[in-house]
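Me: Pick one part of this model and go through it closely. Then connect it to the rest, with cut-offs for each term.

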Amino acid sequence: MAEHTIKAFDDEIDRLRGLIAEMGGRAEAAIENAMLALQRQDTGLAAEVVAEDKRIDAIEAEVEKLVVEIIALRAPMANDLRDVIAALKIVGVVERIGDYAKNIAKRVPLIATNQRTLEPISLLPSMGQVAGEMVHDALNAFAARDADLAVAVIERDTVVDDFYNSVFRTLVTFMVENPKTISECAHLLFVAKNIERIGDHATNVAEMVYYAATGHTLPDRDRGTTQLED
Amino acid sequence: MMTEQQTPRTKMTARDVRVFYGSKEAIKGVSIDVDMDNVTAFIGPSGCGKSTFLRTLNRMNDTVASARVEGTITLDGEDIYSPAMDVVQLRARVGMVFQKPNPFPKSIYENIAYGPRIHGLAGSKADLDVIVEKSLRRAGLWDEVKDRLQDSGTALSGGQQQRLCIGRAIAVEPEVILMDEPCSALDPIATAKIEELIHELRGRYAIVIVTHNMQQAARVSQRTAFFHLGDLVEYGVTSDIFTNPRQERTKDYITGRYG
């Protein structure tokens with residue numbers, strides 16, 4: 001894309017996009033590490049995820065401040081305006097994604113049970129991986145202004161929803177058969193729900209990317225097949 | 001959000017209009033409709049032809065010896081370049097406000113009264129008084145000048161002079177008001193008053209404004225036309241032009257990437 005006549009404007013837009021890329025990378029890492037900590041019962045890694053979330057929150061605040069400055073000082077128009085508005089909305093959503101990863105990490109010490117007794121846990125890493133990839137691709141789509149990639153992210157949300165339904169059924173069945181594990185399984189249910197919400201939020205990011213890239217909003221789509229809406 | 005008219009009342013149409021200065025083609029086949037219900041803004045970089053095109057709408061280019069206009073421009077369906085058209089009448093129906101306020105070196109009262117008097121719109125002094133007050137009220141100037149109507153128009157501030165010129169245009173009961181950079185010589189407060197005035201006059205007159213200030217176009221208009229190198233590149237709903245222009249050239253210009 002051609003440069004602005006006022007170069008400082010380009011610098012600010014670049015800084016904005018850089019901050020969002022960093023924030024997305026951190027959110028993605030938080031999801032990955034939270035799931036790793038869960039699998040390995042690694043409370044140290046879980047505590048790191050919780051601590052790292054502060055940086056995600058800080059970036060959100062920084063982006064908000066920068067967006068207000070850009071709107072006030074540069075009066076962005078057309079695709080610039082859409083980029084800036086999308087950036088503002090995206091950081092709010094990515095911050096929530098970070099919170100979900102943090103919530104998962106916080107549950108790790110509470111699920112300190114011998115993993116072998118808790119078979120349903122085996123589905124969660126794959127589910128987490130899909131959700132993490134959605135976040136990754138949604139942010140990549142923003143960086144590349146790639147509407148097609150954004151649409152692909154949105155379509156993948158049903159995979160996460162299917163995972164959730166499957167985990168839900170598995171956990172309920174498991175709890176009925178192993179009443180002693182109900183406490184741990186309840187935590188795992190929340191973990192699954194958190195991942196499912198991460199997928200929804202990645203979808204929201206992708207919708208904003210689509211708007212920023214094309215100037216059009218996507219028509220309302222079928223909101224997946226989760227059994228339990230919160 | 002703007003209020004959309006279902007069927008805009010078309011006031012003027014231009015079809016394949018070309019303007020030549022000598023052999024140079026300054027306007028390269030522009031077609032556009034101007035309606036009563038929306039303020040239309042012409043934007044574009046210097047030399048893009050927006051002012052030249054504006055001037056074709058009331059035949060101001062007639063006064064430029066080397067200028068030649070081709071194509072068709074109509075006012076209420078009537079060809080304004082036809083030999084039957086009375087140009088003086090045309091310019092009363094299609095009034096114009098210029099970049100620099102240019103009041104007559106006469107009293108405030110006379111600035112407004114002059115046009116209606118020569119066009120025979122007033123039968124008596126009392127009629128004229130009514131027209132002067134009504135015009136100054138519509139121009140948003142009455143309260144500021146009602147106690148000093150005999151003072152010279154040139155003694156007013158720049159913003160007041162510009163509103164006086166708008167009042168002068170209104171006084172002859174025009175149907176269309178063309179404004180060529182009406183605020184570029186004014187400070188922000190005077191500019192805001194003119195913009196508010198444009199907003200109030202909308203619907204009563206078809207208004208076309210040429211402006212260098214894109215924010216002004218965004219603020220005052222419901223339709224925006226982007227000109228570049230003599231072409232009408234894009235014409236559409238103002239909010240669309242400023243959030244999602246279709247043409248690359250429009251996008252580059254309004255986002256500050258032009259040139």
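Reply: Buried means under 20% relative accessible area, exposed over 50%, and partly exposed in between (1.4 Å probe, protein chains only). The model is predicted: local features need pLDDT of at least 70, side-chain atom pairs count only at pLDDT 80 or more, and totals for chains, interfaces and linings use all residues. Residues are numbered from 1 along each chain as its sequence is written, chains are lettered from A and ligands numbered from 1 in the order written, and side-chain values use heavy atoms, without hydrogens and water.

The part to look at is B:S107. Its relative accessibility is 10%, so B:S107 counts as buried. B:S107 sits in the loop between β6 (94-97) and α3 (108-118) of chain B. Such elements are DSSP runs numbered from the N terminus: helices are H or I, at least four residues, and strands are E, at least two. A polar atom of the B:S107 side chain lies 2.9 Å from the backbone nitrogen of B:E110. Leaving out residues up to four places away in sequence, B:S107 touches B:L149, B:Q150, B:D151, B:S152 and B:G153. Contact here means heavy atoms within 4.5 Å.

Elsewhere in chain B, B:F42, B:F53 and B:F227 form one aromatic cluster. Over all chains, the structure holds six aromatic pairs. Rings of Phe, Tyr and Trp (its six-membered ring) pair if their centres lie within 6.5 Å; planes under 30 degrees apart are stacked, over 60 edge-to-face, the rest tilted. A:Y164 and A:F168 are tilted, because their ring planes stand at 40 degrees, with centres 6.3 Å apart. Both lie in helix α5 (residues 147-177) of chain A, four residues apart, so about one helical turn separates them. A:Y164 is buried, at 3% relative accessible area.

Now the chain contact. Chain A gives 16 residues and chain B eleven. Together they bury about 1100 Å², 48% of it on carbon and sulfur atoms. That is accessible area (1.4 Å probe) lost on putting the two parts together, summed over both. The rule finds one salt bridge across this interface. A:D80 and B:R257 form it through their side chains, at 2.9 Å, N to O. The cut-off is a side-chain nitrogen of Lys or Arg within 4 Å of a carboxyl oxygen of Asp or Glu. On the side of chain A that touches chain B, helix α3 (residues 78-107) of chain A gives the most, with five residues.

Technical notes. Polar contact = N/O pair within 3.5 Å; in protein donor to acceptor, adjacent residues only side chain to side chain.
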